[in-house]
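Dear colleague,

Please find the structure we discussed below. My notes on its salt bridges follow, and I would be grateful if you could read them alongside the coordinates.

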Amino acid sequence: MSLDQNLDKILIIDFGSQFTQLIARRIRELGVFSEIVSHKKIKPKDINYSIKGIVLSGGPLNVYQINKYSFDKKILQLNIPVLGICFGHQILSKLNGGRVKQSKHREFGLANVFKKNKSLLTKNFFGNKKSNKVWMSHADQVSKLPNNFKVVASSINSKFAIVENKIKKYYGVQFHPEVTHTQNGKKLISNFIFLICKIKRNWSPKDQKNQLIKEVRKQVGNNKVICALSGGVDSSVVAQLLNKAIGKKLYCIFVNTGLLRKNEEVQVVQTFKKRLKINLIYVNAKNEFLNSLKNISDPEKKRKIIGNLFIKIFERYAKKIKNVKFLAQGTLYPDLIESKSVTGSQTSKIKSHHNVGGLPKKMNLKLVEPLKFLFKDEVRKLGLELNLSKEIISRHPFPGPGLAIRMPGIITTKKIKILKEADYYFIQALKDHGLYHKIWQAYAALLPVKTVGVMGDNRTYEYLCLLRAITSEDGMTADYYEFKKSFMQSISNKIVNSIRGINRVVYDVTSKPPSTIELE
Ligand code: XMP
């Protein structure tokens, strides 16, 4: 188990709740570093001096099944304040001699909790009222409190909705303070971390920048580092961070796969080589990619071929540069969690994302992943702190396999040319109408379907262009963006009238789930 030892933190022990990441986000929003670990992986010896408080997350388990999950209760006996949330509250009570039973009335959704006793945890939580709205989601509840615990608040169905053991600094809440539906939920978390754990703020973008530069320098020493620069937000921030930390020992490699957005390669070279003076190697591998993808239409095969070719090109350039020891990657916290390395949770594989795993094993390079504890919005703030332009920082995400996965079926130069134009017009229209920043991600795709149309007096038989624009928090779930009819009409006209090869435009109105954001 490797925890960041350098920063004071609140440790979140994950029992599988869908809200665990939200707890981490809330704590970080309050200016304090927090890290998530799986209850299966954490051992008492991992708890070091940097951990100033522990949060036990919610989870789908029943506390009486906990033996199956081998959670070591000694972790809770190290004189560190503990806040249990929902399941965490139940397990905290159970492990201290209390009892938990199935509730007569399962509570899902909003409930009122009524103040019973004063507590540091609930300072200003109730305001000047006697009750507060909270968000519940539980089937079990604490039915008998352990010794030395007292009730702080109750709901109609949960007598022990907020409890505390002041001496041991154990706190438990039956509801979810991390979700926005709980009124003043953030206040309760803030009381726990600042008043009870007494941790100091250490998580501003400037703190992060200085800390990360220090860590990168320490990790790589005098060695050379290569970094795959895509021009997207994450790799741009990694590149600029390493540029500040180690200057010319960083070698950024930008691969033109031929599957990039229109003019992307020109803009990346302009920004990174000319403006930011980053050591940038431009590789034109268009033909290599297109030849390898010839006649391939299976989405997973496309992804694998592209991923493997990236590795090959990297290896080639790493050899040319000589004595490269490290590879820098823009892995983010959610990537790490999704790839199971942190929480050990059992998320099923939906698509093979090639930016986590894959590369290093084959290349024999050590990884530098300075963003691996950050969420996307934190990366954006860090980027601004590193003097990256707002334009780069607020770009929509673009997948590594690029246009290949926005073109179901086989890939041809003709299709790429058509798609680049359609995407360009769509994105430009979003910018012109002030919509680009209201949308989390947008793109055009070319479907392998031809339909009949009429232009002038002529019958046409051309491709179908699909537009997708979504709103999202983090790409894990998404909703389609609702455009005005006038916008849809104007972009559809623009695309059909300006691009030879498309005679029909459709808009994707599915959310994620059940769809994904990309088509393949
Ligand atoms: P999906 O399609 O899985 O996409 O809903 C979620 C987000 O991930 C991006 N994406 C990728 N990013 N390499 C990347 O760097 C990939 O292989 C990849 N596949 C999807 C996608 O654009 C969306 O933002």
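In this predicted model, Lys186 and Glu29 form a salt bridge, with 3.1 Å between their closest N and O atoms. Because Lys186 belongs to helix H3 (residues 185-196) and Glu29 to helix H1, the pair ties together parts that lie 157 residues apart in sequence. Lys186 is partly exposed, at 35% relative accessibility. Glu29 is likewise classed as partly exposed, its relative accessible area being 38%.

Glu29 also takes part in a salt bridge with the side chain of Arg25, at an N to O distance of 3.8 Å. Here both residues, Glu29 and Arg25, are found in helix H1 (residues 20-29), where they sit 4 residues apart, or about one turn of the helix.

These contacts belong to a network of salt bridges that links Arg25, Arg26, Glu29, Lys186 and Asp377.

The side chains of Asp508 and Arg468 meet in a salt bridge with an N to O distance of 3.3 Å. This pair links distant parts of the chain, 40 residues apart: Arg468 is in strand S16 (residues 458-471), while Asp508 is in the segment after strand S18 (502-507). Are these two residues, Asp508 and Arg468, buried or exposed? Both Asp508 and Arg468 are buried, whereas Glu29 is partly exposed, as is Lys186.

For the model as a whole, the count comes to 16 salt bridges. Those described above are among them.

Yours sincerely,

A colleague

Terms used
Residues numbered from 1 in each chain as written. Predicted model: local features only at pLDDT ≥ 70, side-chain atom pairs only at ≥ 80, totals over all residues. Heavy atoms only, no water. Salt bridge = Lys/Arg side-chain N within 4 Å of Asp/Glu carboxyl O. Helix = DSSP H or I, 4+ residues; strand = E, 2+ residues; numbered from the N terminus. Buried < 20%, exposed > 50% of the residue type's maximum accessible area, 1.4 Å probe, protein only.
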